[in-house]
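Subject: Structure handover

Hello,

I am passing on the structure that we talked about, and below it you will find my notes on what turned up. Please read them slowly, with the model open beside you.

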Amino acid sequence: MNKPKILVTGGCGYIGSHTIVDLLDSGYDVVSIDNFINSSPSALKGIEAITGKKIENIDCDLSDTSDAIQRTRQFGPFDGIIHFAALKSVGESVFQPLRYYHNNIGSTLTTMKMMEELNIPCLIFSSSCTVYGSPEKLPVTEDTPFSKAENPYGATKQACEILYEQYFRSLSVQSGKSLASGKSGVSLRYFNPAGAHLSALLGESSLNAPTNLVPVITETAIGLRGQLMVYGDDYPTRDGSCIRDYIHVMDLARAHTLALEHLLDHKQTEPYQVYNLGIGEGVTVLEAIHAFEVATGVKVNYKIGPRRTGDVAAIYADNNLITQQLHWKPAMDINSIMSSAWEWEKVKGK
Ligand code: WQD
(Lines give C-alpha, C1' and ligand atoms only; values in the text may rest on other atoms or scores of the structure.)
Protein backbone atom coordinates (compact mmCIF):
# COMPACT_ATOMS: atom_id res chain seq x y z
CA MET A 1 0.00 0.00 0.00
CA ASN A 2 1.35 3.49 -0.91
CA LYS A 3 2.48 5.59 2.03
CA PRO A 4 0.56 8.86 2.44
CA LYS A 5 2.49 11.66 0.73
CA ILE A 6 2.72 15.11 2.34
CA LEU A 7 3.68 18.39 0.69
CA VAL A 8 5.70 20.55 3.15
CA THR A 9 6.15 24.21 2.22
CA GLY A 10 9.22 25.82 3.79
CA GLY A 11 10.58 22.30 4.27
CA CYS A 12 14.19 23.51 4.56
CA GLY A 13 13.41 25.94 7.35
CA TYR A 14 13.94 25.39 11.06
CA ILE A 15 10.54 23.91 11.98
CA GLY A 16 9.80 22.51 8.50
CA SER A 17 12.96 20.41 8.42
CA HIS A 18 12.40 18.99 11.92
CA THR A 19 8.80 18.17 11.01
CA ILE A 20 9.94 16.37 7.84
CA VAL A 21 12.21 14.18 10.00
CA ASP A 22 9.25 13.28 12.22
CA LEU A 23 7.02 12.58 9.20
CA LEU A 24 9.63 10.35 7.52
CA ASP A 25 10.24 8.50 10.80
CA SER A 26 6.45 8.02 11.06
CA GLY A 27 6.21 6.36 7.64
CA TYR A 28 5.10 9.24 5.43
CA ASP A 29 6.51 10.21 2.05
CA VAL A 30 7.42 13.89 1.84
CA VAL A 31 8.03 16.50 -0.87
CA SER A 32 9.34 19.93 0.14
CA ILE A 33 8.84 23.32 -1.50
CA ASP A 34 11.47 25.86 -0.51
CA ASN A 35 13.16 28.69 -2.46
CA PHE A 36 15.81 29.28 0.24
CA ILE A 37 14.98 32.94 0.86
CA ASN A 38 15.61 32.32 4.54
CA SER A 39 16.84 28.73 4.69
CA SER A 40 19.63 26.55 3.32
CA PRO A 41 19.78 23.35 1.21
CA SER A 42 22.02 22.00 3.99
CA ALA A 43 18.81 21.14 5.84
CA LEU A 44 18.14 18.46 3.21
CA LYS A 45 21.50 16.88 4.07
CA GLY A 46 20.62 16.95 7.76
CA ILE A 47 17.29 15.26 7.07
CA GLU A 48 19.03 12.57 5.02
CA ALA A 49 21.76 12.08 7.66
CA ILE A 50 19.13 11.53 10.36
CA THR A 51 16.56 9.47 8.45
CA GLY A 52 18.64 7.90 5.67
CA LYS A 53 16.02 9.25 3.22
CA LYS A 54 16.59 11.73 0.39
CA ILE A 55 13.59 13.95 -0.29
CA GLU A 56 12.65 16.06 -3.32
CA ASN A 57 12.69 19.84 -2.86
CA ILE A 58 10.91 22.05 -5.40
CA ASP A 59 12.78 25.37 -5.55
CA CYS A 60 9.99 27.79 -6.50
CA ASP A 61 8.30 30.95 -5.26
CA LEU A 62 5.12 29.80 -3.55
CA SER A 63 3.54 33.23 -3.98
CA ASP A 64 3.62 32.69 -7.78
CA THR A 65 0.52 30.49 -7.73
CA SER A 66 0.37 29.22 -11.32
CA ASP A 67 4.09 28.45 -11.48
CA ALA A 68 4.08 26.73 -8.08
CA ILE A 69 1.11 24.52 -9.02
CA GLN A 70 2.57 23.68 -12.40
CA ARG A 71 5.90 22.70 -10.77
CA THR A 72 4.27 20.69 -7.96
CA ARG A 73 1.64 18.71 -9.87
CA GLN A 74 4.06 16.07 -11.20
CA PHE A 75 5.06 15.03 -7.63
CA GLY A 76 1.51 14.34 -6.45
CA PRO A 77 -1.00 13.10 -5.56
CA PHE A 78 -0.72 14.46 -2.02
CA ASP A 79 -2.69 13.44 1.08
CA GLY A 80 -2.01 16.74 2.88
CA ILE A 81 -0.09 20.03 2.99
CA ILE A 82 1.82 21.47 5.93
CA HIS A 83 2.40 25.16 5.26
CA PHE A 84 5.47 26.62 6.99
CA ALA A 85 6.82 28.87 4.25
CA ALA A 86 6.77 32.49 5.51
CA LEU A 87 9.04 35.39 6.33
CA LYS A 88 9.08 35.55 10.13
CA SER A 89 11.21 38.41 11.43
CA VAL A 90 9.08 40.75 13.53
CA GLY A 91 11.67 43.53 13.28
CA GLU A 92 12.24 43.17 9.51
CA SER A 93 8.49 43.16 8.83
CA VAL A 94 8.16 46.70 10.21
CA PHE A 95 10.48 47.98 7.46
CA GLN A 96 9.17 45.71 4.66
CA PRO A 97 5.39 45.33 5.18
CA LEU A 98 4.48 44.84 1.50
CA ARG A 99 7.17 42.15 1.07
CA TYR A 100 5.72 40.33 4.10
CA TYR A 101 2.12 40.68 2.86
CA HIS A 102 3.01 39.50 -0.65
CA ASN A 103 5.09 36.56 0.53
CA ASN A 104 3.14 35.36 3.55
CA ILE A 105 -0.42 35.98 2.35
CA GLY A 106 0.37 35.22 -1.32
CA SER A 107 1.82 31.82 -0.44
CA THR A 108 -1.18 31.05 1.76
CA LEU A 109 -3.54 31.78 -1.12
CA THR A 110 -1.45 29.43 -3.29
CA THR A 111 -1.91 26.60 -0.78
CA MET A 112 -5.71 26.92 -1.04
CA LYS A 113 -5.53 26.94 -4.85
CA MET A 114 -3.29 23.86 -4.65
CA MET A 115 -5.85 22.05 -2.46
CA GLU A 116 -8.44 22.64 -5.20
CA GLU A 117 -6.35 21.99 -8.29
CA LEU A 118 -4.36 19.04 -6.90
CA ASN A 119 -7.29 17.69 -4.86
CA ILE A 120 -5.47 17.73 -1.50
CA PRO A 121 -7.88 16.98 1.38
CA CYS A 122 -6.23 18.58 4.39
CA LEU A 123 -3.85 21.32 5.50
CA ILE A 124 -1.94 22.35 8.63
CA PHE A 125 -0.93 26.00 8.99
CA SER A 126 2.04 27.28 10.95
CA SER A 127 0.58 30.09 13.05
CA SER A 128 1.95 31.91 16.07
CA CYS A 129 1.01 33.11 19.56
CA THR A 130 1.79 36.54 18.11
CA VAL A 131 -1.89 36.66 17.10
CA TYR A 132 -2.77 37.14 20.80
CA GLY A 133 -0.64 40.27 21.26
CA SER A 134 -0.46 41.10 24.96
CA PRO A 135 -3.01 38.80 26.67
CA GLU A 136 -5.08 39.98 29.62
CA LYS A 137 -5.35 36.54 31.19
CA LEU A 138 -2.75 33.75 31.45
CA PRO A 139 -2.40 31.02 30.42
CA VAL A 140 -3.80 31.86 26.97
CA THR A 141 -6.61 29.67 25.61
CA GLU A 142 -7.56 29.27 21.93
CA ASP A 143 -10.70 31.37 22.38
CA THR A 144 -8.66 34.36 23.56
CA PRO A 145 -9.50 36.96 20.93
CA PHE A 146 -6.88 38.36 18.56
CA SER A 147 -5.57 41.68 19.76
CA LYS A 148 -4.38 44.42 17.40
CA ALA A 149 -1.35 43.13 15.52
CA GLU A 150 1.81 44.79 16.83
CA ASN A 151 3.66 44.47 13.49
CA PRO A 152 3.14 43.43 9.84
CA TYR A 153 4.44 39.90 10.56
CA GLY A 154 1.78 39.41 13.24
CA ALA A 155 -0.83 40.92 10.91
CA THR A 156 -0.02 38.30 8.25
CA LYS A 157 -0.48 35.46 10.76
CA GLN A 158 -3.86 36.85 11.82
CA ALA A 159 -4.90 37.40 8.19
CA CYS A 160 -3.89 33.89 7.11
CA GLU A 161 -5.83 32.31 9.97
CA ILE A 162 -8.93 34.31 9.04
CA LEU A 163 -8.60 33.33 5.35
CA TYR A 164 -8.17 29.64 6.18
CA GLU A 165 -11.10 29.59 8.62
CA GLN A 166 -13.46 31.18 6.12
CA TYR A 167 -12.18 28.95 3.31
CA PHE A 168 -12.69 25.67 5.15
CA ARG A 169 -16.04 26.70 6.59
CA SER A 170 -17.29 27.82 3.18
CA LEU A 171 -16.23 24.51 1.60
CA SER A 172 -18.16 22.53 4.17
CA VAL A 173 -21.24 24.68 3.52
CA GLN A 174 -20.86 24.37 -0.28
CA SER A 175 -20.35 20.62 -0.16
CA GLY A 176 -23.26 20.15 2.24
CA LYS A 177 -21.68 16.77 2.81
CA SER A 178 -20.39 15.38 6.06
CA LEU A 179 -16.88 16.55 6.88
CA ALA A 180 -15.51 13.14 6.02
CA SER A 181 -15.72 13.95 2.33
CA GLY A 182 -14.83 17.66 2.66
CA LYS A 183 -11.50 19.39 3.11
CA SER A 184 -10.31 20.29 6.59
CA GLY A 185 -7.65 22.47 8.17
CA VAL A 186 -5.77 23.10 11.38
CA SER A 187 -3.79 26.10 12.58
CA LEU A 188 -1.10 25.44 15.18
CA ARG A 189 -0.24 28.55 17.20
CA TYR A 190 3.41 28.13 18.17
CA PHE A 191 4.68 29.76 21.32
CA ASN A 192 8.49 30.00 21.35
CA PRO A 193 10.13 27.22 19.32
CA ALA A 194 13.75 26.59 20.38
CA GLY A 195 16.46 23.94 20.60
CA ALA A 196 17.79 21.56 17.94
CA HIS A 197 17.53 17.92 16.89
CA LEU A 198 19.12 15.72 19.57
CA SER A 199 21.47 14.27 16.92
CA ALA A 200 22.95 17.79 16.41
CA LEU A 201 22.58 17.11 12.66
CA LEU A 202 19.76 19.67 12.29
CA GLY A 203 18.99 22.96 13.97
CA GLU A 204 18.15 26.64 13.52
CA SER A 205 20.15 28.09 10.62
CA SER A 206 18.13 30.84 8.94
CA LEU A 207 20.06 33.12 6.58
CA ASN A 208 19.09 36.24 8.54
CA ALA A 209 21.08 36.76 11.77
CA PRO A 210 18.89 35.35 14.56
CA THR A 211 17.14 37.77 16.92
CA ASN A 212 15.39 35.10 19.02
CA LEU A 213 16.68 34.63 22.56
CA VAL A 214 17.99 31.06 22.43
CA PRO A 215 20.22 31.37 19.35
CA VAL A 216 21.45 34.74 20.67
CA ILE A 217 22.41 32.99 23.94
CA THR A 218 24.33 30.24 22.11
CA GLU A 219 26.06 32.68 19.74
CA THR A 220 27.12 34.80 22.72
CA ALA A 221 28.34 31.72 24.60
CA ILE A 222 30.45 30.55 21.65
CA GLY A 223 31.93 34.02 21.12
CA LEU A 224 30.15 35.02 17.90
CA ARG A 225 28.62 37.92 19.86
CA GLY A 226 30.37 39.95 22.53
CA GLN A 227 27.47 40.34 24.92
CA LEU A 228 23.77 39.50 25.15
CA MET A 229 21.44 42.38 25.92
CA VAL A 230 18.50 41.48 28.17
CA TYR A 231 15.72 43.72 26.91
CA GLY A 232 14.39 45.03 30.20
CA ASP A 233 14.17 43.81 33.77
CA ASP A 234 11.44 46.19 34.89
CA TYR A 235 8.43 44.14 33.75
CA PRO A 236 5.75 43.06 36.26
CA THR A 237 7.15 39.48 36.47
CA ARG A 238 8.89 37.45 39.18
CA ASP A 239 12.35 38.69 38.24
CA GLY A 240 11.44 41.68 36.05
CA SER A 241 12.34 40.01 32.74
CA CYS A 242 9.79 38.79 30.17
CA ILE A 243 8.10 35.41 30.42
CA ARG A 244 7.76 33.07 27.41
CA ASP A 245 6.68 29.46 26.76
CA TYR A 246 9.73 27.77 25.16
CA ILE A 247 8.88 24.55 23.30
CA HIS A 248 11.49 22.14 21.93
CA VAL A 249 11.40 22.04 18.13
CA MET A 250 11.19 18.23 18.17
CA ASP A 251 8.10 18.37 20.39
CA LEU A 252 6.69 20.94 17.99
CA ALA A 253 7.42 18.67 15.02
CA ARG A 254 5.68 15.71 16.69
CA ALA A 255 2.54 17.79 17.13
CA HIS A 256 2.32 18.29 13.34
CA THR A 257 2.41 14.55 12.67
CA LEU A 258 -0.29 13.96 15.31
CA ALA A 259 -2.45 16.74 13.84
CA LEU A 260 -2.02 15.23 10.37
CA GLU A 261 -3.05 11.77 11.57
CA HIS A 262 -6.09 13.31 13.26
CA LEU A 263 -7.13 14.86 9.95
CA LEU A 264 -6.30 11.84 7.75
CA ASP A 265 -8.27 9.57 10.10
CA HIS A 266 -11.24 11.97 9.76
CA LYS A 267 -11.30 12.47 13.53
CA GLN A 268 -11.73 16.24 13.27
CA THR A 269 -15.41 17.11 13.57
CA GLU A 270 -15.01 20.75 12.46
CA PRO A 271 -13.84 22.01 9.03
CA TYR A 272 -11.22 24.15 10.80
CA GLN A 273 -9.61 23.90 14.24
CA VAL A 274 -6.99 25.96 16.12
CA TYR A 275 -4.59 24.57 18.74
CA ASN A 276 -2.13 26.33 21.03
CA LEU A 277 1.27 24.67 20.78
CA GLY A 278 3.29 25.45 23.88
CA ILE A 279 4.34 23.47 26.96
CA GLY A 280 2.02 25.42 29.25
CA GLU A 281 4.72 26.93 31.46
CA GLY A 282 6.47 30.29 31.46
CA VAL A 283 10.21 30.90 31.83
CA THR A 284 11.74 34.38 32.27
CA VAL A 285 14.66 35.61 30.17
CA LEU A 286 16.99 35.52 33.20
CA GLU A 287 15.80 32.00 34.09
CA ALA A 288 16.47 30.92 30.48
CA ILE A 289 20.02 32.27 30.64
CA HIS A 290 20.54 30.50 33.97
CA ALA A 291 19.14 27.27 32.52
CA PHE A 292 21.66 27.49 29.68
CA GLU A 293 24.56 27.99 32.12
CA VAL A 294 23.45 25.04 34.27
CA ALA A 295 22.82 22.75 31.26
CA THR A 296 26.14 23.51 29.55
CA GLY A 297 28.47 24.79 32.28
CA VAL A 298 29.16 27.81 30.03
CA LYS A 299 28.71 31.35 31.36
CA VAL A 300 26.78 33.88 29.27
CA ASN A 301 28.05 37.46 29.17
CA TYR A 302 24.92 39.62 29.40
CA LYS A 303 23.80 42.99 30.58
CA ILE A 304 20.42 44.54 31.27
CA GLY A 305 19.32 47.06 28.65
CA PRO A 306 16.16 48.95 27.75
CA ARG A 307 12.91 47.21 26.81
CA ARG A 308 12.47 46.12 23.15
CA THR A 309 9.48 47.79 21.43
CA GLY A 310 6.61 45.39 20.86
CA ASP A 311 7.60 42.85 23.53
CA VAL A 312 4.79 41.57 25.72
CA ALA A 313 5.57 41.12 29.44
CA ALA A 314 4.33 37.55 29.69
CA ILE A 315 2.66 34.90 27.55
CA TYR A 316 2.38 31.14 27.90
CA ALA A 317 -0.07 28.55 26.63
CA ASP A 318 -3.08 26.72 27.96
CA ASN A 319 -2.42 23.54 25.95
CA ASN A 320 -5.31 21.42 27.21
CA LEU A 321 -7.00 21.26 23.80
CA ILE A 322 -4.04 19.76 21.94
CA THR A 323 -3.18 17.38 24.76
CA GLN A 324 -6.77 16.13 25.02
CA GLN A 325 -7.70 16.00 21.31
CA LEU A 326 -4.37 15.08 19.71
CA HIS A 327 -2.89 13.27 22.74
CA TRP A 328 0.27 15.38 22.35
CA LYS A 329 2.47 16.16 25.32
CA PRO A 330 5.93 17.73 25.42
CA ALA A 331 8.80 15.33 26.06
CA MET A 332 11.43 17.99 26.64
CA ASP A 333 12.00 20.98 28.90
CA ILE A 334 14.11 24.16 28.97
CA ASN A 335 17.22 22.20 29.93
CA SER A 336 16.98 19.94 26.82
CA ILE A 337 16.31 23.04 24.76
CA MET A 338 19.49 24.67 26.02
CA SER A 339 21.74 21.61 25.81
CA SER A 340 20.55 20.68 22.29
CA ALA A 341 20.85 24.31 21.10
CA TRP A 342 24.41 24.40 22.45
CA GLU A 343 25.41 21.11 20.78
CA TRP A 344 24.05 22.49 17.48
CA GLU A 345 25.83 25.84 17.89
CA LYS A 346 29.14 24.01 18.27
CA VAL A 347 28.75 22.11 14.96
CA LYS A 348 26.51 24.31 12.76
CA GLY A 349 28.03 25.50 9.52
CA LYS A 350 30.91 23.03 9.84
C1 WQD B 1 11.94 36.21 23.76
C2 WQD B 1 12.29 37.08 24.97
C3 WQD B 1 12.88 39.34 24.42
C4 WQD B 1 16.62 38.47 22.36
C5 WQD B 1 9.20 35.84 18.47
C6 WQD B 1 8.10 36.13 17.48
C7 WQD B 1 7.07 35.02 17.54
C8 WQD B 1 7.75 33.71 17.30
C9 WQD B 1 8.85 33.49 18.34
C10 WQD B 1 7.66 33.12 14.97
C11 WQD B 1 11.71 38.48 24.86
C12 WQD B 1 14.05 38.60 25.05
C13 WQD B 1 15.42 38.29 23.05
C14 WQD B 1 17.70 39.15 22.98
C15 WQD B 1 16.33 39.45 24.94
N16 WQD B 1 8.32 33.66 16.01
N17 WQD B 1 15.31 38.78 24.31
N18 WQD B 1 17.51 39.63 24.27
O19 WQD B 1 9.71 37.96 20.62
O20 WQD B 1 8.81 36.17 22.21
O21 WQD B 1 8.67 35.84 19.76
O22 WQD B 1 9.77 34.59 18.20
O23 WQD B 1 6.59 32.58 14.99
O24 WQD B 1 6.12 35.25 16.55
O25 WQD B 1 7.47 37.32 17.88
O26 WQD B 1 10.88 35.72 20.87
O27 WQD B 1 13.19 35.04 21.31
O28 WQD B 1 12.78 37.30 20.19
O29 WQD B 1 12.24 36.99 22.60
O30 WQD B 1 16.19 39.90 26.10
O31 WQD B 1 18.80 39.35 22.40
O32 WQD B 1 13.70 37.24 25.02
O33 WQD B 1 12.81 40.66 24.92
O34 WQD B 1 11.32 38.91 26.15
P35 WQD B 1 9.49 36.54 20.94
P36 WQD B 1 12.36 36.27 21.18
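Are H1 and H2 roughly parallel or roughly antiparallel to each other? Helix H1 and helix H2 (residues 42–51) pack at an angle of about 30 degrees, with their axes 10 Å apart, and they are therefore roughly parallel to each other. The crossing of H1 and H2 is right-handed.

Before going further, please keep in mind that this is a predicted model, in which local features need pLDDT of at least 70 and side-chain atom pairs count only at pLDDT 80 or more, while totals for chains, interfaces and linings use all residues. Residues are numbered from 1 along each chain as its sequence is written, and side-chain values use heavy atoms, with hydrogens and water left out.

Some terms for the helices come next. Helices (H or I, at least four residues) and strands (E, at least two) are DSSP runs, numbered from the N terminus. Axes are lines fitted to C-alpha atoms, for helices over the stretch in contact, with angles running from 0 to 180 degrees between N-to-C directions. Angles under 35 degrees count as roughly parallel, over 145 as roughly antiparallel, 65 to 115 as roughly perpendicular, and the rest as oblique. A crossing is right-handed if the near helix is turned clockwise from the far one by less than a right angle, and left-handed if anticlockwise.

H1 (residues 14–25) also meets helix H8 (residues 249–264), where the axes come within 8 Å and cross at roughly 60 degrees; H1 and H8 are therefore oblique to each other, and their crossing is right-handed. The axes of H7 and helix H9 (residues 285–296) come within 11 Å and cross at roughly 45 degrees, which makes H7 oblique to H9, again with a right-handed crossing.

In total 18 residues surround the ligand, where being near requires a heavy atom within 4 Å, and the closest are Thr-130, Tyr-153, Leu-213, Arg-244 and Asp-311.

Among the polar contacts (pairs of N or O atoms within 3.5 Å), an oxygen atom of the ligand is 2.6 Å from an N or O atom in the side chain of Arg-244. An oxygen atom of the ligand is also 2.7 Å from an N or O atom in the side chain of Tyr-153, and one is 2.7 Å from a polar backbone atom of Leu-213. Taken alone the ligand exposes 690 Å², of which the protein buries 90% (areas by the Shrake-Rupley method with a 1.4 Å probe).

Finally, please look at the loops. The peptide bond from Gly-76 to Pro-77 is cis, with omega near 5 degrees, and Pro-77 is found in the loop between helix H3 (65–72) and strand E4 (80–83). The bond from Leu-138 to Pro-139 is cis too, with omega near -5 degrees, and Pro-139 has its place in the loop between strand E5 (122–128) and helix H6 (152–175).

Best wishes

Key. A polar contact is a pair of N or O atoms within 3.5 Å; within protein, one must be able to donate a hydrogen and the other to accept it, and residues adjacent in sequence count only if both atoms are side-chain atoms.
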